[in-house]
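Reader: Could you walk me through how the chains of this model meet?
Author: Gladly, let's look at it together.

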Amino acid sequence: MIEFKNLHKRFGKLVVLDGLNLEIKKGGIFAILGPNGSGKTTLIKCLLGMVIPNKGDIIFEKKTVLRQWAYRNNLNYLPQIANFPPNLSVMELIEMVKNLRPKTSNSEELIELFGLKTSLDKKLGNLSGGTKQKVNIVLAFMFDSDLIVLDEPTNGLDPIALIHLKEIIQKEKSKGKTILITTHIMSFVEEVADEIVFLLDGKIYFKGTVDALKKQMNNENLEHAIANLIAKQYA
Amino acid sequence: MAKRAFLFLLLVPLLTYANIIKVCKSCKETELSSAIAHAQKGDTILIYSGVYKARNLIIKIPLTIIGIDNPTIDGENKGTILSVNTDYFSIQNLTIINVGRSFTKDYAAILIAHSKHFTIKNLKLRNLFFGILIEKSHFGLIENNHISSVSLSEAGSGNGIHMWHTSDVIIKNNDLSGLRDGIYLEFVSNSVISNNKSYQNLRYGLHFMFSDKNEYHHNLFKNNGAGVAVMFSKNIKMHDNAFILNWGSASYGLLLKEINDAEIVNNTFEQNTIGINVEGSSRINYKNNTFLRNGWALKVRGACYQNKFTNNNFLNNAFDLSYNSELNDNFFNNNYWSEYTGYDLDKNGIGDVPYRPVKLFSYIVNKTPETLILLRSLFVDIINFSEKVSPVFTPDDLLDNKPLMKKAND
Amino acid sequence: MLKILKYSFYDLMRSRWSYVYFMFYLLLGFVLLFLNNDVDKAVITLMNIIIVLTPLIGTIFGVMYYYNSKEFTELLLAQPINRSKIFMGQYLGISISLTLSLVLGLGIPFVLYGLFQSAAIFNFSLLLVVGAFLNFIFVALSYNIALSTENKIKGFGYAILMWLFLAVIYDGIFLIFLVLFNSYPLDKFSLAATMFNPIDLSRILILLKLDISALLGYTGAVFKQFFGTNFGLFIALGLLTIWIILPVLRMNLKVKKKDF
């Protein structure tokens with residue numbers, strides 16, 4: 001479904017992606033992991049077309065995404081920082097995003113689920129961080145797309161919202177969707193991820209299931225397994 | 001008025017005994033030239049409607065020529081049409097066209113020389129070189145004439161009313177356009193020019209040279225090369241005139257050159273490149289004039305002393321005053337300056353802070369004309385302000401100490 | 001693009017600053033006209049304000065909007081929309097809302113004053129047109145600066161510096177140059193130098209109508225040709241348009257290559 005081919009990206013002198021190759025098959029939840037600065041967000045942004053690679057190609061549903069934009073209609077994205085135009089109300093923002101995408105949506109259901117009904121007329125500038133993140137999640141999940149990209153989705157969520165989020169993710173998975181997640185919360189990874197993609201120094205260092213990783217590292221604790229992985233690299 | 005009554009009394013006995021000669025296509029006299037040849041002293045010639053070809057008509061005896069139903073005399077571009085050399089001549093209600101042009105001779109529609117007591121009224125003069133040319137003549141009335149031509153170059157065109165060594169003439173209610181100078185006066189005295197309209201002339205609307213003790217008032221000078229030029233003359237009274245839209249690189253509403261003891265009162269100067277350009281002129285009283293939206297309201301050059309500027313309105317000119325001298329012997333008081341930003345705490349209608357009409361930028365433009373392109377830029381405002389706070393380049397004592405808070409005569 | 005424009009526009013129209021800006025012009029218009037009662041003088045004062053303030057406000061709004069809506073822009077970038085349309089939409093949104101504040105803020109008092117019966121209507125409309133041009137130009141310039149500068153503080157600094165340079169410093173250098181080299185023919189140089197600064201260009205454009213009598217006092221043949229006819233007016237308007245087009249083109253190029 002997605003194929004990154006020999007992807008290079010550098011910002012100035014800093015090499016972030018260094019000939020990265022990765023193939024992600026349709027269906028399932030993929031957690032993209034790696035230490036800070038390993039290139040997770042850059043990789044996702046390359047896929048979204050927000051960062052333009054120096055070299056290489058990205059194929060999404062058999063077509064290149066470079067310099068294209070229409071493919072994003074089949075892709076939902078949850079950005080890391082939820083910051084919206086402060087003068088729009090929640091409702092207006094949702095309406096606007098709907099307006100921008102010619103697709104049906106199930107926003108009402110999600111609004112209900114996250115208890116945003118009372119906040120619909122509030123200005124986005126007046127919302128708390130957690131509520132903003134809920135709006136962010138509604139925006140990301142309200143369309144029916146084959147690929148869903150979540151950048152740090154758990155940020156600032158209260159436990160109930162977190163439970164709802166996990167439910168939605170599972171529901172989407174059951175519909176055969178492909179879901180890419182970056183996060184630092186290992187318990188979350190362990191709970192939802194089918195496969196782990198581990199990035200280090202701009203390359204794929206590990207790709208496989210959670211169990212495979214634990215097995216390879218001989219460690220039942222995922223967090224430690226990953227720490228070992230990094231330590232081994234630098235040893 | 002007494003003079004004119006006297007003139008009239010002189011004419012009355014002449015008319016009483018005069019014959020009337022009629023000129024028309026079916027009359028005994030069919031041409032003006034033969035009518036003039038047969039006329040006796042004091043006769044009246046009536047010309048009926050029609051076009052009469054004529055040129056070089058010479059009148060040496062007192063005559064009155066009156067047109068009836070607008071006859072036209074066509075000079076066929078061959079030279080002066082009517083030459084008058086007699087006292088008590090009068091011509092009225094005619095159209096005269098096609099005076100010849102020449103680079104060596106001053107051809108005119110009507111030439112009056114060495115004559116006294118002439119009247120020129122209600123004429124229409126078209127396609128001219130000179131219109132009315134008056135030499136060494138005295139006591140005349142030029143009224144209600146409409147003089148126009150199409151002038152292309154200064155050398156190839158003449159003046160509408162041109163007077164030379166002449167005195168005691170009244171020029172009023174005339175309409176002059178498309179000429180070199182609308183009215184030109186050289187060595188003329190005791191004359192009054194009033195209620196004329198002089199516009200779209202190549203050079204000046206009105207031009208004085210060496211002409212003392214004259215007066216002009218209630219005239220309109222619009223769209224001329226320059227409005228009025230007064231040169232080398234004394235005791236000229238200029239009041240209630242309007243000088244409008246005289247544009248061009250060296251253009252002005254009024255040029256004063258070597259003029260002394262004049263009065264300039266109640267005039268309006270609107271949208272001229274320079275409102276008044278003054279050179280070497282002293283003891284002039286400028287009062288109650290309005291300067292509106294000129295490039296320079298006043299441009300003072302050379303030695304100008306003891307001029308008084310009081311109760312004038314300076315409204316929205318790009319420059320109120322330009323001065324090329326570091327010295328000042330002129331007096332500004334009680335004028336209204338639209339750019340004045342002072343205050344009047346004692347509410348007596350007079351600003352408590354003096355106004356400096358000369359700005360630093362005006363000084364810079366004098367030195368380097370190209371800088372004009374920076375007019376009204378923020379940088380120029382800033383340097384003007386700093387000069388206002390502490391004058392370095394502009395004359396220190398050039399001040400209106402009592403600027404008005406409201407327009408004069410408002 | 002129209003959708004983005006619409007939302008940026010609504011967003012700005014609802015922000016406090018648009019109102020402040022609008023109220024400022026409204027107040028200014030009323031004060032100038034009803035306390036002064038001299039349309040000619042009001043137009044001249046307005047010119048000074050428009051020439052200096054519109055570029056400044058355009059610059060500040062441009063950078064401010066860009067940096068403040070950065071995350072929102074990222075949200076949009078993930079939507080199926082062409083990149084350059086997003087930025088063109090935002091750019092037009094800001095420019096149009098600023099222009100609207102200007103036109104309504106000044107227009108209302110002038111209409112109430114009875115401008116349509118006044119001969120100054122043409123001068124006044126020209127002022128508004130020039131103000132609109134300056135809005136579009138300076139928002140484009142500041143957007144360029146913001147797009148090229150990641151650091152918000154630096155971006156603001158550069159933008160203000162650009163305004164200061166074009167509004168004041170440029171003319172200062174220009175003036176010094178003219179005075180120093182006044183023994184050379186500077187006609188063409190002077191005209192050319194104004195073309196490279198949109199503020200000078202706008203000023204000349206207004207002067208052509210307002211102070212033509214003074215400008216015609218200038219003796220140079222090139223000036224005379226430029227100022228004396230409608231030629232100057234058209235050239236100046238054309239160049240202002242180019243001053244919009246070039247930064248917008250550069251903005252589009254930059255946007256195509258930029259990483260977010």
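Reader: How many residues of chain C are in contact with chain B?
Author: Contact here means that the C-beta atoms of two residues, placed from the backbone, lie within 7 Å. This is a predicted model, where local features need pLDDT of at least 70 and side-chain atom pairs pLDDT 80 or more, while totals for chains, interfaces and linings use all residues. Residues are numbered from 1 along each chain as its sequence is written, with chains lettered from A and ligands numbered from 1 in the order written. Chain B brings 28 residues to this contact, and chain C brings 30 residues.

Reader: Which element gives the most to the side of chain C that touches chain B?
Author: Helices are DSSP runs (H or I, at least four residues), and strands are too (E, at least two), numbered from the N terminus. Elements giving two or more residues to this side include α3 (39–68), α8 (187–195) and α9 (198–210) of chain C. With eight residues, the top contributor is α7(C).

Reader: Which residues of helix α3 of chain B are buried, and why do they line one face?
Author: The arc is taken from the directions from the helix axis to the C-beta atoms. In residues 360–367, the buried ones are Phe361(B), Ser362(B), Ile364(B) and Val365(B). Down the axis of α3(B), the buried residues fall within an arc of 160 degrees, so they line one face of the helix.

Reader: What do the buried residues of α3(B) pack against?
Author: Within chain B, they pack against β36 (319–323) and α4 (378–389). From chain C, the partner is α7.

Technical notes. A residue is buried if 20 or more other C-beta atoms lie within 10 Å of its own, exposed if 12 or fewer, and partly exposed in between; C-beta atoms are placed from the backbone.
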